[in-house]
Amino acid sequence: MRPRSVAAHLPNAILPEADWADRYELLILNERLTAREAARRMLEPLPGWIRLLLALRNRIVSFVGLKTAAPAAADSLIGFFPVLRDEERKAVLGFDDRHLDFRIVVDVRDGPADSQVIGVTTLVRRRNILGRIYLAAVTPFHKTIVPTLLAGLNGRR
């Protein structure tokens, strides 16, 4: 199965001020994952081409004051994202920045027969014009990266 884009709804209780969102889902067969396990398998380790894009992103955004790493006070990380909420069926990752706040919500639910649906919702609150410009610039990459990471749960990247 391949990931599919589905409607993301705003407002969302995870980040009520979000003004941008998207969502992808993947049906996986014959496997049971918690939300944390799904997030970890998607984000650790990242494919090389995504690591290269992130390194380039970090170089560029450091000039305009966006964070290039997780806050030092983060207790728990998945990949380089702080874990804000960790439940069996829902994990919330993300942090707030000067220009935008974002959350990645990984959730799992039962699918038909012996399957699970893994969902990834990205929520963003753009705080100012730089946040709007940044999101506009990264959205095309985001729309390739998230489905690729989800597809990796089925062993395809």
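1. Ile78 stands opposite Phe81 of strand E4, in a pairing where strand E3 (residues 77-78) and E4 run antiparallel and are joined by 2 bridges; two strands count as paired if DSSP finds at least two bridges between them. E3 and E4 form a hairpin with 2 residues between them, and in its turn Gly79 has a positive phi of about 65 degrees.

2. This is a predicted model, in which local features need pLDDT of at least 70 and side-chain atom pairs count only at pLDDT 80 or more, whereas totals for chains, interfaces and linings use all residues. Residues are numbered from 1 along each chain as its sequence is written, and side-chain values use heavy atoms, with hydrogens and water left out.

3. E4 also runs antiparallel to E5, to which 3 bridges join it, and these two strands form a hairpin with 3 residues between them. Asp86 has Ala91, in E5, as its bridge partner.

4. The chain has 3 helices and 7 strands, where helices (H or I, at least four residues) and strands (E, at least two) are DSSP runs numbered from the N terminus. In order from the N terminus, the elements run β-β-α-α-β-β-β-β-β-α.

5. The largest nonpolar core has 31 residues, and those with the most contacts inside it are Met42, Leu43, Leu93, Val106, Ile118, Leu150 and Leu153. Such a core is a set of buried Ala, Val, Leu, Ile, Met, Phe, Trp, Tyr and Cys residues joined through side-chain atoms within 4.5 Å, and buried means under 20% relative accessible area (1.4 Å probe, protein chains only). Among the elements that give two or more residues to this core are strand E2 (20-29), helix H1 (35-43), strand E6 (100-110) and helix H3 (129-151); the largest share, 6 residues, comes from H3.

6. Which residues does Leu43 touch, not counting those up to four places away in sequence? They are Ile78, Gly79, Phe81, Leu93 and Leu149, where contact means heavy atoms within 4.5 Å. A second, separate core of 6 residues includes Leu15, Val92, Val105 and Leu123.

7. For the chain as a whole, buried residues make up 43% of the 157 residues, and, among contacts between residues at least 6 apart in sequence, 63% join residues at least 24 apart. The accessible surface comes to about 8,500 Å², of which 57% belongs to carbon and sulfur atoms; the areas come from the Shrake-Rupley method with a 1.4 Å probe, and for residues only the protein chains shown count as cover.

Technical notes. Buried < 20%, exposed > 50% of the residue type's maximum accessible area, 1.4 Å probe, protein only.
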